[in-house]
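Subject: Structure for you to look at

Hello,

Here is the structure I promised to pass on. Please open it beside this email and follow along.

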Amino acid sequence: MKDLFDKQVASLRDYHFLILYWAAKAESQHIKYNITNAYDDLKYHRITRTKQSAVAYIESLTTLCFLSMVEEHNRKNLYITNYGAKVLELLYSQNIYSIKPSNFLEG
Amino acid sequence: MSVGVGGAGSKLASLLDEGSATIFDVSGVELDKVEACSKIRAVAHSSKAQLKGSRKDPEIGRQAFQSVKNKALDLIKGQTVFCSTGGGTGNGLCSVMLEHLSALDSISITNKTVFVFVVPYAQRESSDFVDNTISFLEGPVSKAIDAGNTGNLIVFSNKVKFEQRIPEKTFNKMIIESLNHFLHIPIKGEELKQLDGNIDYEDFCLYKTKPYFNHFCQFEYDQDVPFGKQLKANYNELLLDPEGTIESLFLLELPNPDLTNSFYSILDYFAEDDVSPMYSVLHNPELKKPLITVSLLYSRKPLELVDDFNAISGRHKRNRVEKSLDQYVTLSRLEVDLTNEAEKVWRESHTEGDEVLNVLKRIGKL
C-alpha cells in the first residue's frame, strides 16, 4: 500500500498541492472554501483559465481521498482529509512546490 | 674534581667528590639542596625558573648558559661532568657545552671532558623526559661524537631504579659505587702488588679521553668458565649494554699469585675481536675469589640509541591517543536511513513559524 501511496503522491502537480493547501488554510481560519474559490485562486495565479480544469483537479483529489467535497447550503465546500494532510506535508517537505497565497483568503 | 649540572647531575657529582664538586643550576633553591665545594647559579630570565628550576624545559637551561659560559667551559676541562638528559637544566646547559666543544678544531688530551649522562627509563618516566632525551642524543651528543672532542661518554639508565623500585638516594649511591669500580683501577695499581701488566694514572687518563661510550662492570672471575660468557652475564645493569668493542681495559685481582696465568684466556677472548686491551693483574690477599673489573669502549651510533627512545616514545603516544579515544569517544554502530534523516533534518529546521505545518496542526489533521 505504501508503494501505491507513493505513486499517487508522485503523480500530483503543483495545482493539486495548492488546492490542498488552500483548503487546509481555509479550514484553519474557519472559512468555507468551495470549488469556485479554488477556481478563482488558480485563475489568479494563471494556472488555469477554465473551471472544467479546476473541477478536474479537485475531482482527482477527492477520488484519491485526499480531499472531501461536502455540499453545504448549495455550495460544494472542500475539506482536506487526514490522508490529504499527509500528502501536503510530504510534498512540502520534499521542497518540490512552493506555497502561494489564496486571493480569496488573503486578498 | 667533578662537575654537576642540573638537579640530578649535581647530586651525583657531590656524591662522587664529597666536598670538592662544583655544581651548576638555574635555581638557588636547587643549589641549596646539594652539598658542594662550589655552587654556581646560571641566571635564567624567568623568575619562576630562578625559584623552581627549568621544569623540564631545556630552552631555559640553554638561555641561562650565557651567564656562566666562560666559567663553565674553563671548569669542565679535563673533568667529569654529570647531567641527566630528561630534565631542563642539565639537558639545556650540557647541550650548549657539548655544542661548544664540537665546534672546536681540536682539544688537547689533558683538557678532554668525560660526560656521564643519566637517561630516563622510557617505559615508566614522563614522555617529556623521553622527548628531551631524544633531542639531546640526536643533537649535541651526536655532534660531539662526530667531532671526537670529548672524553668517554658514560650512559647510565634509570631502568633498574624503576624496575627494582629503588629510592633515588640509594640508586645514586649505586651509580657512584659502580663508577668508582672503574675510577679506582689506577689507585689499586698503586696500592696492590703487581703480578703482570700495568695501568698507571697516565694510561688510565689517556683511556678516559677517548671519545667513545664506556661500559664497565665488575664481577668474580671463574677461570674455568669462558670469559665471554661470564662477561655477558655480568654486564653492568645500570649502564646501557655495549655494542662491538673498539678498545678495552681490565684489572684482574687475584687472591693467589699462582693464578696469574689465568689472564691469558681473557686476552684470547679480546683477540678474537682484534682488540688489544690494556690490563693489569694484581695480588689482592683480601679476596677469596679472583675479581675482574672490565671496561669496554664502543661506538654505538647515537641515532640507534635515539631509535630505541623514539620507538618507545611513539608507542607511548599511540597508547595515549588510543586511551583518549576509549575514554572520551563512544563509536556506536548507527543504522542510518538517509531519507528518514533528511526528513528529520527538514522537520527540525522548519520550526513553529512554518506555514503549511502550522495550518495542518491547527486543523488537527497531522
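Below are some notes on what was found in it.

**Before you start**

This is a predicted model: local features need pLDDT of at least 70, side-chain atom pairs count only at pLDDT 80 or more, and totals for chains, interfaces and linings use all residues. Residues are numbered from 1 along each chain as its sequence is written, chains are lettered from A and ligands numbered from 1 in the order in which they are written, and side-chain values use heavy atoms, with hydrogens and water left out.

**Where the chains meet**

Start with the interface. 15 residues of chain A are in contact with 15 residues of chain B. Contact means heavy atoms within 4.5 Å. The size of an interface is often given as the accessible area lost when the parts come together. Here the buried area is about 1400 Å². Buried area is the accessible area (1.4 Å probe) that two parts lose on being put together, summed over both. Carbon and sulfur atoms give 65% of the area buried between chain A and chain B. Three residues supply 39% of what chain A buries against chain B: Ser28(A), Glu89(A) and Tyr92(A).

Two salt bridges are counted between chain A and chain B. A salt bridge is a side-chain nitrogen of Lys or Arg within 4 Å of a carboxyl oxygen of Asp or Glu. The side chains of Glu27(A) and Lys365(B) form a salt bridge, at 3.2 Å from N to O.

Which elements of chain A give two or more residues to the side that touches chain B? They are helix H2 (14-28) and helix H5 (82-93). H5(A) gives the most, with seven residues. Helices (H or I, at least four residues) and strands (E, at least two) are DSSP runs, numbered from the N terminus. By type, the residues on this side of chain A are eight nonpolar, four polar and three charged. Ala, Val, Leu, Ile, Met, Phe, Trp, Tyr, Cys and Pro count as nonpolar, Asp, Glu, Lys and Arg as charged, and the others, Gly among them, as polar.

**Two loop residues in chain A**

Look at His30(A) next. His30(A) lies in the loop between H2 and helix H3 (35-44) of chain A. Its phi is near 55°, a positive value in a residue other than glycine. His30(A) counts as exposed, at 75% relative accessibility. The cut-offs are under 20% relative accessible area for buried, over 50% for exposed, and partly exposed in between (1.4 Å probe, protein chains only).

Then find Asn74(A), in the loop between strand E1 (67-72) and strand E2 (75-80) of chain A. Asn74(A) is not glycine, yet its phi is positive, near 65°. At 64% relative accessibility, Asn74(A) is exposed.

**Inside chain B**

Chain B has 16 helices and 11 strands. Of its 366 residues, 49% count as buried. In helix H16 (residues 355-362) of chain B, the buried residues include Val356(B) and Leu360(B). Just after H16(B), Gly364(B) has a positive phi of about 70°.

Is Glu253(B) buried or exposed? Glu253(B) counts as buried, at 1% relative accessibility. It sits in strand E9 (residues 245-254) of chain B. The side chains of Glu253(B) and Asn284(B) are joined by a polar contact of 2.8 Å. A polar contact is a pair of N or O atoms within 3.5 Å; within protein, one must be able to donate a hydrogen and the other to accept it, and residues adjacent in sequence count only if both atoms are side-chain atoms.

**Aromatic rings**

The structure holds 21 aromatic pairs over all chains. Rings of Phe, Tyr and Trp (its six-membered ring) pair if their centres lie within 6.5 Å; planes under 30 degrees apart count as stacked, over 60 as edge-to-face and the rest as tilted.

Take Phe182(B) and Phe216(B). Their ring centres are 5.1 Å apart and their planes at 10°, so the pair is stacked. Phe182(B) is in helix H9 (residues 168-183) and Phe216(B) in strand E8 (residues 213-220), 34 residues apart. Phe182(B) is buried, at 1% relative accessibility. Phe216(B) is buried too, with a relative accessible area of 1%.

Compare Tyr269(B) and Phe270(B). Their centres are 5.2 Å apart and their planes at 75°, so this pair is edge-to-face. Both residues are buried. Tyr269(B) and Phe270(B) also belong to a cluster linked by ring pairs, which includes Phe219(B), Phe250(B) and Tyr279(B).

Best wishes
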